[in-house]
Every structure is written in C-alpha cells, then in structure tokens.
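Let's take a quick tour of a protein model, from its overall build down to a couple of single residues. Have a look at it first, then read on.

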Amino acid sequence: MDPVLQEIYTLVVPAIPYVAGAYAILWVALVVYIGMTYSRVGHLEKEIAALEESLERRGVGM
Amino acid sequence: MNRHIVVLSLLVLGGVMTTTAFIMAFFFTPPVLGPAVTNEAGRILGYQPLFSQKIFYFHVPVALASFLVFFFTAYYGVRFLMTKEKQYDTRARIATEVTLLFVILTMATGILWTRFEWGRWWVWEPRLTTYFIMTLLVIAYFVLRNSIEDEERRATYAAVFGIIAFIDAPISFAITRIIPSSVHPVVLRSGGGLTGSQLAAFLIGLFGMLMIGYALYQTRVREELAHDRLEAVKAALEG
C-alpha cells in the first residue's frame with residue numbers, strides 16, 4: 001500500500017466501523033438474497049423434473 | 001450459449017467488479033479531503049481525510065442501480081397496460097422486488113454515512129426525503145398488490161401505481177441539483193469532483209452493481225417461469 005495512504009488511514013480509525021458496517025450489510029444482504037433465490041430455483045427445477053418423469057411414466061403429454 | 005450460464009457469468013463478473021472497486025477505493029484512490037487542520041497560529045497544516053467517503057464507492061452504485069431497476073417497473077407497467085399480457089406484470093413485480101432490495105441497501109449504507117458525517121441517523125433534507133418517499137412507494141406497491149384478489153385488476157392497478165411511483169426516481173436523482181442548498185453531496189456533476197482513479201473505481205463498482213441487478217432480475221424471472229411450469233405439470237398430472 002502507498003505509505004502516505006497508510007499514514008493517513010491511522011488518522012481515520014473512528015470511521016472504520018461505519019464503513020465496514022455499510023460494506024458488510026451490502027454484501028450479506030446480496031449474498032443471502034442470491035443464495036435464497038438460487039436455492040428456490042434449484043428446488044423448483046428438481047420438483048419439475050420429478051413430476052415430468054412421473055408424467056412420462058403415465059404417458060401423459062403436456 | 002445457455003441463458004442461465006450468461007446470467008450466472010454476469011453475476012460472478014458483477015461480484016468481481018464490485019470487489020475490485022472496493023479494493024481500489026481502499027488501497028489506491030486518494031482520500032477526499034475535508035476541513036482544514038490548522039495550528040495555533042491559524043496556519044493550515046493540511047486537510048482532514050474523509051475516510052467515511054469510501055462508503056460512496058458502493059452506496060452510489062447501489063442507489064443508481066435502484067433508480068435504473070425501478071425504471072423497469074414503469075416500463076413493464078406500460079407494456080402490461082398496452083398488451084394486458086401477464087408476463088409483463090410478472091416482470092414489473094420482479095423489477096420492483098429487486099428495487100426494494102437495492103433501496104433498502106441504499107438507505108442502510110447512506111444512514112451509516114449520515115451518522116458518522118452529520119452526527120445524526122437521519123436528516124430531513126431534500127435527497128433523503130425524496131428517496132424515503134421512493135422507499136415508501138416501493139413498499140406501497142406490494143401492499144397494493146396484496147390487497148387486491150382479482151388477478152387482472154391487481155396487475156392493472158399495480159402497473160398504474162408503478163408508473164406514477166417511478167416519477168419520484170428522477171426527482172430524487174436531480175433534487176440536489178434543483179435545490180443547491182441541499183447538504184447532500186453532489187457526486188455526479190460536470191466539471192469533475194472525482195480524480196481519475198476515483199472515477200475508475202466508481203465506474204467499475206457501478207457497472208458491477210448493474211450486472212448484479214440484471215442477474216438478480218433474470219434469476220427471479222427464471223424462478224417465476226419454473227413456478228409456472230410446476231403448476232402446469234401439476235395440473236397435467238391431476239387432469
């Protein structure tokens with residue numbers, strides 16, 4: 001890291017919890033939302049595949 | 001190429017770009033300088049670096065993304081009113097859902113900055129007030145939807161409401177320029193304000209966030225389509 005920036009950063013410690021908090025909130029929320037959406041999509045597609053297989057066995061067309 | 005792979009690639013690329021912007025913001029971009037630091041004789045020794053300004057590199061991209069995604073609520077609302085096709089109502093609802101996520105994140109990151117810089121959690125200044133109104137309108141969109149049983153009436157009312165609600169987005173974006181006395185910083189303005197490395201970090205973060213927004217929207221559309229398909233398969237099995 002730039003030594004001047006490193007020196008400056010020692011003067012700004014009080015702001016760190018706010019900056020880190022903001023960044024953490026952003027990423028935790030995005031990751032949780034993305035994770036939940038992909039998980040739901042995965043479950044739905046598995047369920048569809050199982051039901052379609054069952055339809056095929058019965059010989060029902062869609 | 002498979003559409004799902006494109007969406008997933010955009011999501012990963014968006015994540016990489018926003019993380020790159022984060023690293024650039026902390027380790028390579030010069031800090032924005034605040035009030036002068038003087039000695040007893042009143043001589044300026046330097047300027048106080050504003051570390052809290054680093055929030056800007058992810059607060060502003062997510063705020064701009066919220067405006068852009070909200071535009072699609074209005075756009076698909078217009079498309080629905082023109083065609084009465086259900087898919088446009090679904091797309092408008094999903095766009096509003098992603099807008100809600102981005103609005104909450106904008107408010108959360110902005111409030112932390114306000115608390116540190118202004119010493120208060122909330123200030124009733126024009127930008128914050130108009131953005132707060134937008135937040136309430138986005139929430140009200142879902143309240144309206146949940147209060148109407150009839151599917152077509154719900155979609156029509158939601159489309160009209162979404163179009164009217166979107167009017168607040170450009171007002172909120174431009175309010176710091178319309179009312180120059182606003183204490184909220186104006187970041188995007190002619191004549192600069194950002195150095196080259198600051199602008200680069202900001203733009204990388206912005207495009208990364210837009211990619212994440214698009215990928216989230218498309219993934220939710222995929223989920224809705226899968227849900228419709230599931231209902232169709234269930235109906236075929238029962239019939």
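Helices (H or I, at least four residues) and strands (E, at least two) are DSSP runs, numbered from the N terminus. This is a predicted model, where local features need pLDDT of at least 70 and side-chain atom pairs count only at pLDDT 80 or more, while totals for chains, interfaces and linings use all residues. Residues are numbered from 1 along each chain as its sequence is written, and side-chain values use heavy atoms, with hydrogens and water left out.

**Chain B as a whole**
- Chain B has 7 helices and 2 strands, and from the N terminus they run α-β-β-α-α-α-α-α-α.
- Out of 239 residues in chain B, 48% are buried (under 20% relative accessible area, with exposed being over 50% and partly exposed in between; 1.4 Å probe, protein chains only).
- Take the contacts (heavy atoms within 4.5 Å) in chain B between residues at least 6 apart in sequence: 73% of them link residues at least 24 apart.

**Glu151(B)**
- Glu151(B) sits in helix α5 of chain B, which covers residues 151-166.
- Its relative accessibility is 46%, so Glu151(B) counts as partly exposed.

**Glu52(A)**
- Over in chain A, Glu52(A) belongs to helix α2 (residues 16-58).
- Glu52(A) counts as partly exposed because its relative accessibility is 23%.
- Leaving out residues up to four places away in sequence, Glu52(A) touches Arg229(B) and Val233(B).

Technical notes: Chains are lettered from A and ligands numbered from 1 in the order in which they are written.
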